[in-house]
Amino acid sequence: MKRKNGFTLIELIVTIGLMVLIGVVIANNLTSVFSHREDENISDFQNMLQDAACLYIDLSDPEIKNLKATCKSNGCTVKTGKLIENGLLDENEVNPLTKQKINGLESITIRYINGEKICTYNVG
């Protein structure tokens, strides 16, 4: 009887093929997880700017009260520089879209629709 001292070529090819298939599935899932996390970061950043602008328009400063009256009738835009100036945003905040610190020129539109305040970050 002949003694078997190793694996056949077919066994090695099948094993390597299975390992490659498992690796591809894992890599695909990891890519999906990282992509989903990046989308969450962008959404969190937009929500942070919109929340800061909505808070800003409700401050009691007379200049802001005049702006609020304009916002209620025609809508208005607030720059992130004003939000930083009033302590509603951190100047070191990083925009996940550009990977750079906010520059104070990003704008958030504030409108009132049926008495409800809507703040929208204008991407780009």
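User: What does Ser43 count as, going by relative accessibility?
Analyst: Partly exposed, because its relative accessibility is 32%; buried means under 20%, exposed over 50% and partly exposed in between, with a 1.4 Å probe and protein chains only. This is a predicted model, where local features need pLDDT of at least 70, side-chain atom pairs count only at pLDDT 80 or more, and totals for chains, interfaces and linings use all residues. Residues are numbered from 1 along each chain as its sequence is written, and side-chain values use heavy atoms, leaving out hydrogens and water.

User: Where is Ser43 found?
Analyst: In helix H1. Helices (H or I, at least four residues) and strands (E, at least two) are DSSP runs numbered from the N terminus.

User: Which residues of H1 are buried?
Analyst: Among them are Ile42, Phe45, Leu49 and Tyr56.

User: And what covers the buried ones?
Analyst: The cover includes helix H2 (62-74), strand E1 (76-79) and strand E4.

User: Switching to E4. Is Thr109 buried or exposed?
Analyst: Buried, because its relative accessibility is 17%. Thr109 sits in strand E4, residues 107-113.

User: What is Thr109 in contact with?
Analyst: Leaving aside neighbours within four places in sequence, its contacts (heavy atoms within 4.5 Å) include Cys76, Thr77 and Cys119.

User: How do E4 and E5 pair?
Analyst: In the antiparallel sense, over six bridges; pairing needs at least two bridges found by DSSP. Cys119 in E5 is the bridge partner of Ile110.

User: What about Asn114?
Analyst: Asn114 takes a positive phi near 55° in the hairpin of E4 and E5, which has two residues between the strands.
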